[in-house]
Amino acid sequence: MTKPDILQVGPYPNWDQEPLEQAFNVHRYFEAPDKAAFLAKIGPVIRGIATRGELGANRAMIEACPKLEVVSVYGVGTDAVDLIAAREHDVRVSNTPDVLTKDCADLGVAMMICLSRGMIGAEKWARDGSWIEKGGYPLQRRVWGKRAGILGLGRIGFEVGKRLEGFGMDITYSSRTPKKDAAHWRYVADPVELARESDFLFVTLAANAQTRHIVNGGVIAALGSEGMLINISRAANIDEEALLAALETGKLGAAALDVFEGEPRLNPRFLQLQNVLLQPHHASGTLETRKAMGQLLRDNLSAHFAGKPLLTPVI
Ligand code: 8YV
């Protein structure tokens, strides 16, 4: 039987590339010198798109593939996929939730501890001779027993909360509606009130038109000069200009960030700041999780072309 033609938007590790090419006729969009010409040539035969969370599939790409049936995302975030265009053209979309949830929560909590306890600077202090020359490392700030806010209580936010319970933290969350399985945590609807009640504010909600800049100047001011913002969602959920201004003036105490506008090119203002922890969008970046993401990406494509339901459908 002829293998379905798949447009591969971005690179995958070899352990994903080989089985993908065994199962499908793969056309590597990301390697094309002239992507528009490549799409014009290949688009008419494409039945599926294999993409990544941060790359997605925009309307132009979807409409360049008139036979397109399914978009499979390697990642949980589908904000870079034009879901409206997909619906208009009766294109299914899948992602890779669950397999990455706990890794993302682990990194978010690790970022909070690393920044609050000054671990990056402490490693340098121990390594560069400062400990010998200057003595004890400067005192840092406690985490356990403090107030944690979770903005967005989906899979990842819920796993963050479970971890923070282990630190004896006072947990409050904000979500569109209260969650039945989070009755043991306090619920507030307003992100500003959530920030006001938090020492550490985790941003864990899915990015979309409704959540864009939900962490605005008012939320940042409410978190305040003693507060820390942790973002493991998408940069678009935060007004990055307001964030930078608050960090530069001390109106926000600190920020631990795994995502940035324009990544991988960061706003150079971040590089001048000492009250930030900068991470290269690797919350799901473990060998085990990325292998599971790749398998699920392929399993969704294979299920679709076998006429079976998608394993993890978005639409
Ligand atoms: C991955 C992500 O870094 O899940 C997502 O949406 O952003 C991350 O888990 C990305 O999708 C891998 O390319």
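**Backbone, ligand and cysteines**

Me: Where does Pro264 lie?
Reply: This is a predicted model. In it, Pro264 lies in the loop between β11 (254-257) and α12 (268-271).

Me: And what is the peptide bond from Glu263 to Pro264, cis or trans?
Reply: That bond is cis, and its omega is near 10 degrees.

Me: Now phi. What is the value for Asp90?
Reply: Phi of Asp90 is near 55 degrees, which is positive in a residue other than glycine. Asp90 is found in the loop between α4 (83-88) and β5 (92-94).

Me: Is Asp90 buried or exposed?
Reply: Asp90 is exposed, because its relative accessible area is 65% and the cut-off for exposed is over 50%.

Me: What about the phi of Asp98?
Reply: Asp98 is not a glycine either, yet it has a positive phi of about 65 degrees. This residue lies in the loop between β5 and α5 (101-116). With a relative accessible area of 47%, Asp98 is partly exposed.

Me: On to the ligand. Which residues are around it?
Reply: The residues around the ligand are Arg52, Gly53, Glu54, Tyr74, Gly75, Val76, Gly77, Leu100, Arg234, His281, Ser284 and Arg290. By class, this shell has three nonpolar, five polar and four charged residues.

Me: Which polar backbone atoms have a ligand oxygen at 3.1 Å or 2.8 Å?
Reply: A polar backbone atom of Gly53 is 3.1 Å from an oxygen atom of the ligand. For Gly77, a polar backbone atom is 2.8 Å from a ligand oxygen atom.

Me: How about the side chain of His281?
Reply: An N or O atom in the side chain of His281 is 2.7 Å from an oxygen atom of the ligand. The protein covers 95% of the 320 Å² of accessible area that the ligand has on its own.

Me: Changing topic: how many disulfides are there?
Reply: The count comes to zero. Cys104 is in no disulfide, and the nearest cysteine sulfur, in Cys114, is 17 Å away.

Terms used:
Residues are numbered from 1 along each chain as its sequence is written. This is a predicted model: local features need pLDDT of at least 70, side-chain atom pairs count only at pLDDT 80 or more; totals for chains, interfaces and linings use all residues. Side-chain values use heavy atoms; hydrogens and water are left out. Helices (H or I, at least four residues) and strands (E, at least two) are DSSP runs, numbered from the N terminus. Buried means under 20% relative accessible area, exposed over 50%, partly exposed in between (1.4 Å probe, protein chains only). A residue is near a molecule or strand if one of its heavy atoms lies within 4 Å of it. A polar contact is a pair of N or O atoms within 3.5 Å; within protein, one must be able to donate a hydrogen and the other to accept it, and residues adjacent in sequence count only if both atoms are side-chain atoms. Accessible areas come from the Shrake-Rupley method with a 1.4 Å probe; for residues, only the protein chains shown count as cover. Ala, Val, Leu, Ile, Met, Phe, Trp, Tyr, Cys and Pro count as nonpolar, Asp, Glu, Lys and Arg as charged, and the others, Gly among them, as polar. A disulfide is a pair of cysteine sulfur atoms within 2.5 Å.
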